[in-house]
Each structure stands twice: as structure tokens, then as C-alpha cells.
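Please keep the sequence and the structure in view while reading.

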Amino acid sequence: MHYQVEPWGYYMRFRSMEDQMERVLRLASQSAVVIFSISSCCMCHAMKTLFCGMGVNPTVHELDHDPKGKEMERALTRLLGNSNGVPIVFIGGKLVGSMDRVLAFHINGTLVPLLKEAGALWL
């Protein structure tokens with residue numbers, strides 16, 4: 001008789017991914033604007049500068065300073081559908097996306113209303 005047993009390591013990686021996904025969503029809902037970033041990334045710096053220049057004070061989670069940062073980055077990549085990666089922005093607890101999506105919102109004029117609705121901007 002042969003039994004098919006799922007490897008323990010696979011289960012633990014899956015559980016860790018779920019834990020990190022829950023953590024990401026919890027952190028993303030704690031502030032009006034949340035940016036998941038890597039401190040040495042120039043695109044992340046540009047994103048933080050964009051929001052600060054608009055008068056928004058985002059909460060920034062530097063993944064390279066977090067002991068579980070790599071796992072969180074994988075969870076974020078999974079949320080995006082394996083898209084571009086960091087920076088990843090949440091506004092009002094909702095996933096907006098990476099740099100290209102935020103810039104598209106900014107250019108087409110929908111970013112400011114989104115920020116106002118989330119309580120991040122009072123213009």
C-alpha cells in the first residue's frame with residue numbers, strides 16, 4: 001500500500017505565505033496611505049517623494065528592514081499577480097498597485113480624489 005503524503009515543508013511555506021498575506025493586509029488598513037518599499041530602491045524613493053510633495057504623509061514599510069520582509073514581498077507580488085514589485089501602494093486599505101498604476105491615477109486626475117476619500121488629503 002502506498003500513501004501520498006504532502007510534505008511538511010510545503011505546508012509550512014504555504015502557511016507562512018498566508019500569514020504574511022494577512023500581515024500585509026492588516027498593515028495596509030492601518031493608515032490612509034501605505035507604501036511597501038525597499039530603502040535602496042529609486043522607484044520607491046520617487047513614490048515617497050510624490051506623496052510627500054502632495055502633502056500626504058504615507059506610512060512606509062521598508063521590507064529590507066523587516067525580518068519577514070522577503071516573505072511579505074512575495075505575498076505582495078502574489079496580490080499584484082506577479083506584477084512589477086515594489087513600491088506597492090494601498091490607499092484607504094485598498095490595493096492601488098505599483099508605480100505605474102499610481103502614476104496613471106495621478107496623470108488622469110483620479111489620485112487626488114482617492115486620497116481625499118481616504119482622508120489622506122484635505123484640499
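Among contacts in the protein chain between residues at least 6 apart in sequence, 62% join residues at least 24 apart. The model is a predicted one, and the values in this report should be read with that in mind.

**Sheet and helices**

The protein chain holds 5 helices and 4 strands, and these follow one another along the sequence in the pattern α-β-α-β-α-β-β-α-α. In general, the strands of a sheet pair through backbone hydrogen bonds, and this pairing is either parallel or antiparallel. Here an open sheet of 4 strands is found, with the order E2-E1-E3-E4 and mixed pairing. Its edges are formed by strand E2 (59-62) and strand E4 (94-98), each of which pairs on one side only. Direction ignored, neighbouring strands of this sheet are turned against each other by 20 degrees on average.

Strand E1, which covers residues 33-37, runs parallel to E2 and is joined to that strand by 4 bridges. Between these two strands, isoleucine 35 stands opposite valine 60 in E2, and serine 37 stands opposite glutamate 62, also in E2.

Phenylalanine 90 has leucine 95 in E4 as its bridge partner. The hairpin of E3 and E4 has 2 residues between the strands, and glycine 92 in this hairpin takes a positive phi near 60 degrees. Helix H4 (residues 99-108) lies across strand E3 (88-91) and E4, and runs at about 105 degrees to E4.

Beyond standing opposite glutamate 62 in the pairing of the strands, serine 37 makes a polar contact of 3.0 Å through its side chain with the side chain of glutamate 62. Leaving aside residues up to four places away in sequence, serine 37 touches Cys44, Lys48, Val60, His61, Glu62, Leu63, Asp64 and Val86.

Arginine 78 has its place in helix H3 (residues 69-80). It counts as partly exposed because its relative accessibility is 45%, a value that falls between the limits of 20% for buried and 50% for exposed. Asparagine 84, by contrast, sits in the loop between H3 and E3, and counts as exposed because its relative accessibility of 54% is over 50%. With residues up to four places away in sequence not counted, asparagine 84 touches Ser98 and Asp100.

Aspartate 66 is placed in another part of the chain, namely the loop between E2 and H3. Its contacts, again without residues up to four places away in sequence, are with Arg23 and Met72. With arginine 23 there is also a polar contact of 2.6 Å, which joins the two side chains.

For each of these residues, the table sets the separation in sequence from one partner beside the distance between the C-alpha atoms.

| Residue pair | Separation in sequence | C-alpha to C-alpha distance |
|---|---|---|
| Arginine 78 and methionine 21 | 57 residues | 8.8 Å |
| Asparagine 84 and aspartate 100 | 16 residues | 8.6 Å |
| Aspartate 66 and isoleucine 38 | 28 residues | 10.0 Å |

How values were computed
Residues are numbered from 1 along each chain as its sequence is written. This is a predicted model: local features need pLDDT of at least 70, side-chain atom pairs count only at pLDDT 80 or more; totals for chains, interfaces and linings use all residues. Side-chain values use heavy atoms; hydrogens and water are left out. Two strands pair if DSSP finds at least two bridges between them. Axes are lines fitted to C-alpha atoms, for helices over the stretch in contact, and angles run from 0 to 180 degrees between N-to-C directions. Contact means heavy atoms within 4.5 Å. A polar contact is a pair of N or O atoms within 3.5 Å; within protein, one must be able to donate a hydrogen and the other to accept it, and residues adjacent in sequence count only if both atoms are side-chain atoms. Buried means under 20% relative accessible area, exposed over 50%, partly exposed in between (1.4 Å probe, protein chains only).
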